[in-house]
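Work through the exercises below with the sequence and the model in view. Each task is followed by a solution in steps.

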Amino acid sequence: MAGQAGSVSRADRLEVSGERSGLRVMQLSELPLSGPWGERHLLGLERLTAAQLTTVLDLAEELERATAGGSERLSTLKGLVVANLFFENSTRTRTSFSLAARRLGADTVDFSASSSSLSKGETFIDTALTIEAMGVDLVVCRHKTPGAPHLLSRHLRAGVLNAGDGTHEHPTQGLLDIYTIRRHRGRIAGLTVALVGDIRHSRVARSNIHGLVKLGARVIVCGPSTLVPTEIRQLGVEVAWNLDEILPEVDCVNLLRVQFERQRGAFFPSIAEYAELFGMNAERIRRARKDLLVLAPGPINRGVELTPDVADGPNSVILDQVSNGLLIRMACLSLLARERRAGSGGAA
Amino acid sequence: MSEVWIRGGRVLDPASETDALADVWVRGGRIAAVVAPGTVPADAAPGVPVLDAAGLLVCPGFVDLHVSLREPGCEEDECVLTGTAAALAGGFTTICAQSDASPVVDNRSAAEFIRLQAERARQCRVYPLGAVTKQHRGEELAEIGQLVQGGAVGFSDAMHPVANAEVMRRALEYTRMFRRPVLHFAMVPELAEQGVMHEGFQSTRLGLRGIPAAAQDIMTGRDIALAELTGGRVHLMCVSTRDSVARIRQARATGLAVSCDVAPHHLLLTDEVMDRFDPMYKCNPPLRSREHVDALIAGLRDGTISAISADHQPRAQEKKQVELDQAPFGICGLETALSVCVQALIRPGHLTWLQLIARLTKGPADVLGLPCGTLEVGQAADITLIDPQAEWTVDAGRFASRSRNTPFDGQTLPAVVKTVLVDGVVRLSR
């Protein structure tokens, strides 16, 4: 990798001065890819094929092995700069992306709306161009407006990774949910997965739907009829309004957070009624399959989407999702970095 | 001066249902004769300048019922000078200036200012529209009588629906005595609130907030009922839905004074383009799905929709280079209107040329009773010459308009406006 020779990056210095010695070497050109990729940006799972999705999942598994479960660091992104552009509040996702980038040896820059010049009247695109001009290779973008990362991808040379665009998509969350299911069940094809809750306002639901359907799962979306638009059937899913009716058929249930902040007016009469109709509790767990996997993208509202005993119970894989998120984000960053290197005429 | 012999073109005059090769003679800025090719009228002066129209369509100049000129107050988007230049570039010789300047055109002097600026610009004809309610607030009627004195030919609150039915009722009653229609943007505000696109499968897929067709249908139904109640005249701007067209068709069949227009982009584009998340496609009403587009075309064919309006809504570049929900609605439409209509209506064979030209000339002129839109002898010689075979590639950077917010930039479209005359004087030639 010609681009890396000679320059001492901050990551190097950190390693040298840090306690952990011996950054494990895994060059971008040596990424163990099981299938095709070829994408400069990761904007959504709708645009990916089943083969590309599998490439990401397999790479995440390789990285899990290479880093002893995500705890050791690699040199894959050494010399690259990853900017986190967060125009919407997020602690979990941003932390996960920052950690993923650093585990791969990249430098990271955090940029959040509160510290931005948006309040000074600068357009979103100008802000992004300014940050890119500082020598950024990959931009991780979270924004409250659907399509904002797509807009960026048309104006920037850097690779753009969608970290959630409003109510549209959240591809890495979709991938980590699918990865978590695959790690526990060994496959996706043939499984029945229920997405429960506010489907209308959920980017997590859309990314899960696109990914799961392509990989051969049966997907049921379930929630209050005001929050489950029936047109969504055209994406290849089934629509249900009664959780208890579908529960016995379900292998995995993904409990989406009620998006109080995205709703325009009241979509259901009360939280108590929601919890009664759609909350996962011990009683429902008893009536479900014994090996039911309970996922929740979080942050969870305990007592609303699920009761604490379910969240902390044996069926819950919620914390696995968090650690798998790191692996998935490492995989996605590596894949986009690889394309960027190839595209910019560097070592291929 | 202003004498011309327009020779050898295909004359399309919807008022007389003429579609034939003919020569048009202009004298003193007015139509003097429309005669068989090569026939020289007995009273023709020698040496009249000839405009060779071989291979071209010779039509009345186009008429647009509502053009947002943005002056005064929003000159970063457009001004009367650039807006009228854009009109000429698109083949329009008469436009009605929408009342959405800042301050709002809700008083006599504001209307007179538009006319004064148009005189200074010396391009196409401009008639002001007055506001229905003060400051477009939908609460109190504007000084409608004073506005008529100031030259207002119709009344509109632009993109602001008159949501209160009682206020709309009084407006329709009051405008009756001036024999002027209310041009209404029929939309139930609470159903459209914060929407950025048509509500349906595509909005669900993209996670974008939708504006349901019902938001327009409900208000269209209300306006028809109020037209019946009051005997007033209501013109619905930019119909975009199947059921609105059906309701207007039925109302017209029962003899109510209800008319409507449609915008060219609603005839060519569907909501599927929104997956580009490009604010250039963001307009209100939003781009609808296929079944609505088909119903609009059927409405144009049977005359339910008697007018096409470019729905010219220029917006400065910086306003559109933002996130989709931040960007204002609107498409800069005058300069592409004809070509988009030809692509959507003529190429697939939905309309004849005579039908299309009628919707761009006599149809809108009749809504307001304006003395234009025909090639009748004695009329002002406002004439547009079109090359129907030519194609051009849209370059927004070369628009006459001050704004560039078009979704058609870079596209190759059919039909070129070659020459435009106003009062017999060539104002545009390319």
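**Exercise 1.** State how many residues the largest nonpolar core has, and which have the most contacts inside it.

Solution. In this predicted model, the largest nonpolar core has 234 residues. Those with the most contacts inside it are A:Leu138, A:Val139, A:Leu333 and B:Val58. Helix 12 of chain A (residues 318-343) supplies the largest share of this core, 10 residues.
Next, take B:Val58 and set aside its neighbours within four places in sequence. The contacts of B:Val58 then include B:Ile6, B:Val11, B:Leu12, B:Val24, B:Ile383 and B:Leu385.

**Exercise 2.** Describe the side of chain B that touches chain A.

Solution. The contact takes 21 residues from chain A and 16 from chain B. On the chain B side, helix 6 (residues 201-206) gives the largest share, four residues. By residue class, this side of chain B divides into six nonpolar, five polar and five charged.

**Exercise 3.** Determine how helix 4 and helix 7 of chain B are oriented to each other.

Solution. Begin with the axes: those of helix 4 (residues 165-176) and helix 7 (residues 213-230) of chain B come within 10 Å and cross at roughly 45°. The crossing of helix 4 of chain B past helix 7 of chain B is right-handed.
Then list the residues that meet: among them are B:Met168, B:Leu172 and B:Arg176 in helix 4 of chain B, and B:Arg222, B:Leu226 and B:Thr230 in helix 7 of chain B. The residues of this contact divide into six nonpolar, one polar and four charged.

Notes:
Residues numbered from 1 in each chain as written. Chains lettered and ligands numbered in written order. Predicted model: local features only at pLDDT ≥ 70, side-chain atom pairs only at ≥ 80, totals over all residues. Core = buried A, V, L, I, M, F, W, Y, C linked by C-beta atoms within 7 Å. Buried ≥ 20, exposed ≤ 12 C-beta atoms within 10 Å, placed from the backbone. Helix = DSSP H or I, 4+ residues; strand = E, 2+ residues; numbered from the N terminus. Contact = placed C-beta atoms within 7 Å. Nonpolar A, V, L, I, M, F, W, Y, C, P; charged D, E, K, R; others polar. Axes fitted to C-alpha atoms, helices over the stretch in contact; angles between N-to-C directions. Parallel < 35°, antiparallel > 145°, perpendicular 65-115°, else oblique. Left-handed = near helix turned anticlockwise from the far one by under 90°.
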